[in-house]
Amino acid sequence: MKSKSFLAVFFTSCILVNFSLADTAYVPDNFSTIQAAIDYVGVGDTVLVAPGHYVENINFNGKDIVLASHYILNLDTALISQTIIDGDNRDAAVKFENFETEAAQLIGFTIEKGTNFMDDPDINGVRYGGAIVCINASPVIRNNVIRNSQNMVFNDAYYGGIYCENSSAKIIDNTLENISSYFVSRGGSIVALHSNIQIIGNRLLTNGGGYCWYCANVVADSSDLYLERNVVLEGMYDVIPYTASLKLNNSSAFLLHNTLLGEVGLSGENVLEMVNNIIWPSFLDSSIVIMQDAGDQSIVASYNNVKGGVFGAGIINLDPMFVDAGGRDFRLQSNSPCIDAGNPFSLDDPDGTIADLGALYFDQSVTSIETPYNYLGTEVFPNPASSVIHFQMTESQNLTELLIMDRIGRVIVTKTFSGSEFAMDCSKLSPGLYFFELKSDGVRLDRGKFIICQP
């Protein structure tokens with residue numbers, strides 16, 4: 001089956017919500033508490049929560065269900081602030097800890113006062129916790145506001161606004177603010193331990209604390225992160241770097257189109273790949289801080305605006321010219337050097353122009369700037385592919401050049417063909433994300449991205 005070359009959200013294409021009202025439990029109409037509804041429903045069902053203030057510490061108990069506010073009915077964001085799960089500083093407000101999959105989804109709530117309190121934490125060894133906790137579980141957490149949460153157990157605790165351990169969670173389009181960590185080993189808005197998580201389209205705002213070993217707005221310890229289109233403010237801690245947006249410890253991270261307002265701190269041995277980002281810390285002159293306990297670092301960067309610079313193609317070190325950084329408006333002004341400064345092989349911005357740097361593109365369509373390319377609507381199939389991938393154009397060409405780029409924009413394959421369709425052996429490409437571009441007589445015909453998966 002053919003699929004369009006433009007994958008609007010590469011990693012989230014399989015997590016759209018489908019729910020039937022016939023399999024829905026209503027809170028408070030059918031059940032007075034959210035937990036009672038969760039306990040009643042079966043796998044695949046939905047718990048739909050009306051606006052209200054629910055003081056509960058809930059647990060999905062291994063059920064792959066959708067827990068949502070009325071936001072999912074009409075996408076009215078006002079319903080998010082009107083539907084509150086309040087952990088009352090007694091424990092995590094929401095827990096996934098029984099092998100829930102991405103079919104378990106938490107959508108459209110304000111979640112607050114979640115902590116890591118336990119009656120006898122010494123029995124459990126590591127004192128972990130958060131507003132939302134994912135232990136041995138991989139849910140989808142999206143369109144929530146997670147706020148006003150702090151750890152209550154100290155001395156080597158692990159704590160995050162969202163804390164993930166042995167997890168492949170997908171964290172999408174959330175706002176996290178006022179997350180505090182004190183006397184902790186790992187702390188931040190999002191903390192990943194032995195996990196492989198996707199962080200897409202979030203706003204990670206006020207975060208801080210003290211007496212913290214590894215803390216930042218996002219912390220990865222022995223984990224793999226994929227970050228795309230996030231705005232991440234600096235963390236405010238008492239450890240070097242004091243104002244990190246991201247800290248990696250023996251981890252890997254791929255950053256695509258993010259705006260980071262704090263440093264990237266590296267300890268242990270790490271792999272860091274960055275494309276089309278703005279990393280512009282307010283308090284330091286350097287964006288990348290390699291800490292004293294750091295080992296070998298692999299940093300591959302291209303087409304970023306990095307304060308202090310970093311080696312790589314298309315790197316700039318210029319004031320990004322945000323609309324109002326003090327007011328947390330990190331859109332670009334019309335004369336920002338980040339406009340059209342992205343990897344030319346990346347997908348265009350929604351306005352049809354070359355990719356801008358950062359999480360928030362500058363919409364040039366409002367200034368009547370002509371779209372520079374007339375795309376032909378090339379179809380790529382199968383997508384994902386494992387052995388052979390087809391590129392089919394709507395118009396035949398005498399001679400077409402096909403360029404394949406890896407995810408940081410390096411050209412790794414060049415092919416030429418005639419006609420309107422070309423089949424390419426992709427069995428030797430490693431699994432992952434790739435970009436393509438089609439040219440004829442030096443004119444760009446089309447571009448897009450595709451996925452290679454294991455056969």
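## Aromatic rings

In this predicted model, Phe391, Tyr434, Phe436 and Phe450 are linked into a cluster by ring pairs. The aromatic pairs number 12 in total. One of them joins Tyr158 and Tyr163, whose ring centres are 6.4 Å apart and whose planes meet at 85°, so this pair is edge-to-face. Both Tyr158 and Tyr163 are buried.

Phe183 and Tyr211 make another aromatic pair, and this one is stacked, with 4.6 Å from centre to centre and 5° between the planes. Phe183 belongs to strand E16, residues 175–193, while Tyr211 belongs to strand E19, residues 207–215; the pair therefore ties together parts that are 28 residues apart in sequence. Phe183 is partly exposed, at 39% relative accessibility. Tyr211 has a relative accessible area of 55% and is exposed, since the cut-off for that class is over 50%.

## A nonpolar surface patch

The two residues of the stacked pair, Phe183 and Tyr211, also belong to a nonpolar patch on the surface, together with Phe154 and Tyr182. The accessible area of these four residues together is about 410 Å².

Phe154 comes from a loop, the one between strand E13 (145–150) and strand E14 (157–165). With a relative accessible area of 35%, Phe154 is partly exposed.

E14 pairs with strand E11, residues 127–135, in the parallel sense, over eight bridges. In this pairing Gly130 has Gly160 of E14 as its bridge partner. E14 is also joined to E16 by eight bridges, and these two strands run parallel. Here Glu165 stands opposite Leu193 in E16.

## Cysteines

The structure has one disulfide. The disulfide joins Cys212 to Cys215, with a sulfur-to-sulfur distance of 1.2 Å in the model. The link between Cys212 and Cys215 is right-handed, with 60° about the S-S bond. Cys212 is buried at 2% relative accessibility, and Cys215 is buried at 1%.

Cys134 takes part in no disulfide; the nearest cysteine sulfur is that of Cys164, 4.3 Å away. The cut-off for a disulfide is 2.5 Å between sulfur atoms. Cys134 is buried, with a relative accessibility of 0%. For Cys453, the closest cysteine sulfur is in Cys426, at 8.4 Å, which is too far for a bond. Cys453 counts as partly exposed, at 32% relative accessibility.

## Salt bridges

The model contains nine salt bridges. One of them is formed by the side chains of Lys95 and Asp91, with 3.1 Å from N to O. Lys95 is buried, with a relative accessible area of 16%, because the buried class covers values under 20%.

Another salt bridge brings together the side chains of Arg229 and Asp349, with an N to O distance of 3.9 Å. Arg229 is in the loop between strand E21 (224–228) and strand E22 (231–232), and Asp349 is in the loop between strand E31 (329–332) and strand E32 (379–381), so this pair ties together parts that are 120 residues apart in sequence. Arg229 is partly exposed at 25% relative accessibility, whereas Asp349 is buried, with a relative accessible area of 3%. A further salt bridge is made by the side chains of Lys439 and Glu437, at 3.5 Å from N to O. Lys439 is partly exposed, with a relative accessible area of 25%, whereas Glu437 is buried at 1% relative accessibility.

Note on methods:
Residues are numbered from 1 along each chain as its sequence is written. This is a predicted model: local features need pLDDT of at least 70, side-chain atom pairs count only at pLDDT 80 or more; totals for chains, interfaces and linings use all residues. Side-chain values use heavy atoms; hydrogens and water are left out. Rings of Phe, Tyr and Trp (its six-membered ring) pair if their centres lie within 6.5 Å; planes under 30 degrees apart count as stacked, over 60 as edge-to-face and the rest as tilted. Buried means under 20% relative accessible area, exposed over 50%, partly exposed in between (1.4 Å probe, protein chains only). Helices (H or I, at least four residues) and strands (E, at least two) are DSSP runs, numbered from the N terminus. Patches are made of residues with over 30% relative accessible area and no salt bridge: like charges are joined within 9 Å, nonpolar side chains (Val, Leu, Ile, Met, Phe, Trp, Tyr) within 5 Å. Accessible areas come from the Shrake-Rupley method with a 1.4 Å probe; for residues, only the protein chains shown count as cover. Two strands pair if DSSP finds at least two bridges between them.
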